[in-house]
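Let's work through a few exercises together, pencil in hand. Have a look at the sequence and the model below before you start.

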Amino acid sequence: VNQDQSIEACGDGRVQASRGELCDDMNLNFGDGCSGRCAPEGDFRCFGEPSFCVSPTLGNSPSVTNGELLTQGVRASLRITGFESKPQFLTYRADVQRSIAFALGGAVSQ
């Protein structure tokens, strides 16, 4: 996954206080805690770059260890192409999952 960060803008994953950003979760979506205008929504609190936002009201309070936010449950999307059909993809699903885990530096289970 590549992201062009050559032009500073809301949605680039970097909090730019000089531009009025209070959070930046690498998208311009509303309803995910960090608005399309890079400001926390409702009672959400946002941490880090890219921002991870949590709501005490919704019960998804952050886990913090030694002052560092643990980002379990971060949402992401991925588009996979090259399969001719859903059944073909499902046949190779485990291989795809292992490849993604390996690319992200995660443990690969057999």
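A contact here means heavy atoms within 4.5 Å. The model is a predicted one: local features need pLDDT of at least 70, side-chain atom pairs count only at pLDDT 80 or more, and totals for chains, interfaces and linings use all residues. Residues are numbered from 1 along each chain as its sequence is written, and side-chain values use heavy atoms, with hydrogens and water left out.

**Exercise 1: the overall picture**

Describe the protein chain by its elements, its contacts and its surface.

Solution. 
- Step 1. Start with the elements: helices (H or I, at least four residues) and strands (E, at least two) are DSSP runs, numbered from the N terminus. The protein chain has two helices and four strands, and from the N terminus on their order is β-β-β-β-α-α.
- Step 2. Turn to contacts with a separation of 6 or more: in the protein chain, 13% of these are between residues 24 or more positions apart.
- Step 3. Now burial, where buried means under 20% relative accessible area, exposed over 50%, and partly exposed in between (1.4 Å probe, protein chains only). By that rule, 21% of the 110 residues of the protein chain are buried.
- Step 4. Finish with area, taken from the Shrake-Rupley method with a 1.4 Å probe; for residues, only the protein chains shown count as cover. The accessible surface of the protein chain is about 8200 Å², and carbon and sulfur atoms hold 51% of that.

**Exercise 2: the disulfides**

Find the disulfides and work out how the cysteines are paired.

Solution. 
- Step 1. The test applied here is a pair of cysteine sulfur atoms within 2.5 Å.
- Step 2. The structure holds three disulfides. One of them joins Cys 10 to Cys 38, with an S to S distance of 2.0 Å. Both Cys 10 and Cys 38 lie in the segment before β1, so this pair ties together parts that are 28 residues apart in sequence. The link of Cys 10 and Cys 38 is right-handed, with 100° about the S-S bond. Cys 10 is partly exposed at 22% relative accessible area, whereas Cys 38 is buried at 0%.
- Step 3. Another disulfide joins Cys 23 to Cys 34 at 2.2 Å, S to S. These two cysteines are also in the segment before β1, 11 residues apart. Cys 23 is buried at 0% relative accessible area, and Cys 34 is buried at 0% as well.
- Step 4. Cys 46 and Cys 53 form a disulfide too, S to S 2.1 Å. This link is right-handed, with 110° about the S-S bond, and Cys 53 is buried at 9% relative accessibility.
- Step 5. Number the bonded cysteines in sequence order, and the pairing reads 1-4, 2-3, 5-6.

**Exercise 3: buried or exposed?**

Why does Ser 35 count as buried? Where does Ile 80 lie?

Solution. 
- Step 1. Ser 35 has a relative accessible area of 7%, and therefore counts as buried. Its place is in the segment before β1 (45-47).
- Step 2. Leaving aside residues up to four places away in sequence, Ser 35 touches Asn 29, Phe 30 and Glu 41.
- Step 3. Ile 80 lies in the loop between β4 (68-70) and α1 (86-91). With a relative accessible area of 38%, Ile 80 is partly exposed.
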